[in-house]
Amino acid sequence: MTCERRITLFKKPRQIHLLGWMAGLIAITPSLALAAEKPRSAETVSPLMLRLTSEQYQAVVADTFGATITLGGRFEPDPRVDGLLGIGASKVSVSTDGLEQYDLMARTIADQVVSKEQRAITVPCKPASETAADDACARQFLESAGQFLYRRPLTDVELTARVATAREVSTKLGSFYDGLSWSLAQILVSPQFLFRTVEFEPDPKRRGQLRMTGYSKASRLSFFLWNAGPDEQLLEAALKGDLHTPRGLARQVDRMMASPRLEQGVRAFFSDMLMFDELPALSKDPIIYPKFSAKVAVDSREQALRTIVDLTLTNGGDYRDLFVTKKTFLTQNLASVYKIPLVNNVPNGSPDTWQAFEFPANDPRGGLLSQISFVSLHSHAGRSSPTLRGKALREVFLCQPVPAPPAAVDFQIVQDTSNPVYKTARDRLNAHAQNPVCAGCHKLTDPMGLALENFDGGGAYRTTENGVKIDTAGELDRIKFEDAEGLGRALHDHPAAASCVVNRMSSYGLGRVTTRQENQWIDALKADFAKQGYKIPALVRRIATSPEFYSYVPAPAAEPVRSTMLNSSSPLTEEVAK
Amino acid sequence: MWRSSNLTRSVATGFASLVVCGAAMTASAKPAQALETRSYAMAWFTAAMNSTENDCPGGVHPSIQVQYHKNLLDLGYPPAEAAKLIEAYVSGDDDEQVSDIMLMRGRINGQPVNGYAHPGAVVDPQLTHVTAKEGFGFNLDGKDGPMNFTDPLTKEAGVDNQLSRALGCSNPFRGTYNVKPGLWLFRWSTMRDTTPAWLMTIAGEDLDTDGPITVIFDRAMEHLIFNGDGEARPDITYRADTDPRNHTVLKGEIKDGMIRITEHGRLQLMQDILGGGQLVLDKTHMRLTRTNTGNLDGFLAGFQPWEHLYFEIGQGGPASEDMSTGELPGKWHLMRKMADYDPDPSTGQNRSISATYRVEFVPVFVARMKNGEFVVGNDGAGEGGK
């Protein structure tokens, strides 16, 4: 369809989509829902809306129309709240710029879906005429695709409206598929697609109580386990009410956990927990760290995720071993940073291949903390940072928030890596900590972070800084150690480490921080996690089959979006604090 | 299968497999002796020039426009027509006419022939050459004479580097110790992106102390891999090509921390078919020092077949003559006159010219074929440098 034709049809090309967006917002706003159309459950209250992350958006589109569909736009950044993007997703809306991008992607996707090359696969029927409207075929397509995009069947009102759009555009443009494309684009830009809406309904078995609707349960389950929308079987189970029975729920959980797609969900969780969304944009000074590149950053993320999946899923290992394991996966690009020989047995110019690798027992590398992803992400562009590393270690792995630095701190000594007196980071931090205002927090972070000083800001191993031997002795909550390996062991044995991943995973699945009322459930999860040998799949299953995972919790009072943990110490935050 | 390595900073053993392709060296190998090995990839390879202000009496070679004007006159064009042709060439209004004339400026039996393919059929334009006393390199033949340099760094006399003498008055070939000659910079920068890397492994009992070593050259099966700053990336693992034409083993030594070749044999390495077909050096000499980053930096020299070199430089014909190399058949004549090794038995014309190259190496790992598999391990393959 040409641009001119679009303009002929509507005064503004995006008008119809924006109208769709507004209608969608009305439809999912509880107080206005009745006025907009009669929902399936008029008593639905307290919806929790979570914006699809970019990965989730891509997964839903790929599952619905195939992986060859390209998106053709960019996503707004997801905010990190309380340590997780998964929580930030419940605190965000869509900016006008973001809406433009969603609209662009919607039209790009819709055009591909109905294109001559794709339509035989993506459209389940053929119109009576390609140059005229065909309500029956349009309805069939929109009903079929719509249930995966909305993660529930479209209501009659929704379906009728989408078919009407298809009819109107098809008639005016003389093209059935153009009409279909416009209608599909409306769905793709609607809040019902862009947001996961959690809905509740009266529980027929418990008078006066609410329960999550079957389709909301299906969504919660599939995004938690697969980081994708529900498949046909899960939607079928939701329709039948199976997800309201412990046995039916467990059957679906077990089916989904047996799927290779579980890896996708585990990757998404750990990517979020470890803040790996920041790695693709991580840059280093190429003069100081010439080996570090965007490719290394992306590969380092994949290395960590492969390590995690291999240990926790493939081998069903103890989660805590992630802090000490010598086993990992490497590309030649990463191997060169680690100074490890790795033969790439492929023709010249081929992409790097991933190879399983085990560091020797006497190698200083071991565990996630010594991998490039952690040490480079929690460093500055031109120098390492025991403070940032210690802070990340406490917040990411132990769930212990570290206060942001006070305003107007003088970082001059810490930043002066060529200081003739303070040659190592330890020397500089000790000097800096002479300021009693700084000392308190640095005690929380530096003794751990200094143990990782053998790894520079680009992830390479070193034994000296400015010609002086690096002292890696440190302490974590009264456990002393000599180096990174010792720190890994200390973290492995720290009770908060296992406890933290339980908190993180439950919050990630719920899209919010758990409340005090849920402490009993969380405590039970932790106890079970320990009892079952700290196995991640067991924890995932325990959460996914818990009634608490689908229970109604009154929405807390509205509060502004909090800044992310990492951003809390950023110059911008400090500037604002001033 | 989990792979593990103890090679990150260790000693490799089993010297015999290292020289599996080098028959000459295998005979002198010490099979059971533990040897330390370090491997490197050549990051830079440029002609070693020592250009100074007054090294070219008569000046450096003229611009190609001036040279073409002279060539036209040499070909018998009347001055007015030659001037008109050059004017059109310089303005770009009709540059093809001059290019076509230059292309066919050779004469065999009075008939025009391609002057780049038959540079000997082009009248020698008598280009200037370097007359300075100092030049980088080695005394390759043990003799000293008026056509030898003294090395400005080592003060060694009798240095043979006629390549720098022949080409050193042409601007694209001029350079210093710190400034790489523009043409070689361009050629190597272009080739190294696609041409399989050149590798070198040194093996000895203790590479941190003086003593005898073995120097092994190979060509990799991969092209150089680069860092974000555009320099060759250290600690990459390269596979050594099993083609014996790319495998050279020479004796050497570390003396006063400097790595040298003491067995001055032939070094042969295949190169880019679109650049230089191969590098062949007879009476190979080398001296390298280790930089504070673990790289090696120094000189590689020997007698090199000069016609190979000419066709490497001259294959671009009028395009490269105009844009990068400057006058080409004249360089053929210069190299022919300066050639100082390997006389043709029938004509007496020397077929090789002494040449010295500035080389820089980065530490890498080298995997070699063993029992049908490329391995880096305790069987003699190279490890990354320190």
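This note goes through a predicted model of chains A and B, point by point.

1. Conventions. Residues are numbered from 1 along each chain as its sequence is written, and chains are lettered from A in the order in which they are written. In this predicted model local features need pLDDT of at least 70, side-chain atom pairs count only at pLDDT 80 or more, and totals for chains, interfaces and linings use all residues, while side-chain values use heavy atoms, leaving out hydrogens and water.

2. Helix H26 of chain A. This helix spans residues 536-544. Helices here are DSSP runs (H or I, at least four residues), as are strands (E, at least two), numbered from the N terminus. Its buried residues are Ile536(A), Ala538(A), Leu539(A), Val540(A), Ile543(A) and Ala544(A). Buried means under 20% relative accessible area (1.4 Å probe, protein chains only). They pack against H12, H14, H15, H16, H24 and H25 of chain A.

3. The largest nonpolar core. A nonpolar core is a set of buried Ala, Val, Leu, Ile, Met, Phe, Trp, Tyr and Cys residues joined through side-chain atoms within 4.5 Å. The largest has 98 residues. Those with the most contacts inside it are Leu225(A), Phe270(A), Tyr319(A), Phe397(A) and Val501(A). H24(A) gives the largest share, eight residues. At least three residues come from each of domain 1 (3-198) and domain 2 (282-493) of chain A; these bounds come from an automatic or database domain assignment.

4. Val501(A). Neighbours within four places in sequence are left aside here. Val501(A) is then in contact (heavy atoms within 4.5 Å) with Phe269(A), Phe270(A), Met273(A), Tyr319(A), Phe529(A), Ile536(A) and Leu539(A). Ile536(A) and Leu539(A) are among the buried residues of H26(A).

5. Extent of the interface. Chain A and chain B bury about 2,400 Å² between them, 53% of it on carbon and sulfur atoms. Buried area is the accessible area (1.4 Å probe) lost by two parts on being put together, summed over both. Lys339(A), Pro341(A) and Asn348(A) lose the most area in chain A, together 24% of what that side buries. The contact takes 33 residues from chain A and 26 residues from chain B.

6. The salt bridge. The count between the chains is one. It joins the side chains of Asp235(B) and Lys291(A) at 2.4 Å, N to O. The rule asks for a side-chain nitrogen of Lys or Arg within 4 Å of a carboxyl oxygen of Asp or Glu. On the side of chain A that touches chain B, H17(A) gives the largest share, six residues.

7. Chain B. This chain has ten helices and 15 strands. Of its 386 residues, 55% count as buried.

Conventions
Buried means under 20% relative accessible area, exposed over 50%, partly exposed in between (1.4 Å probe, protein chains only).
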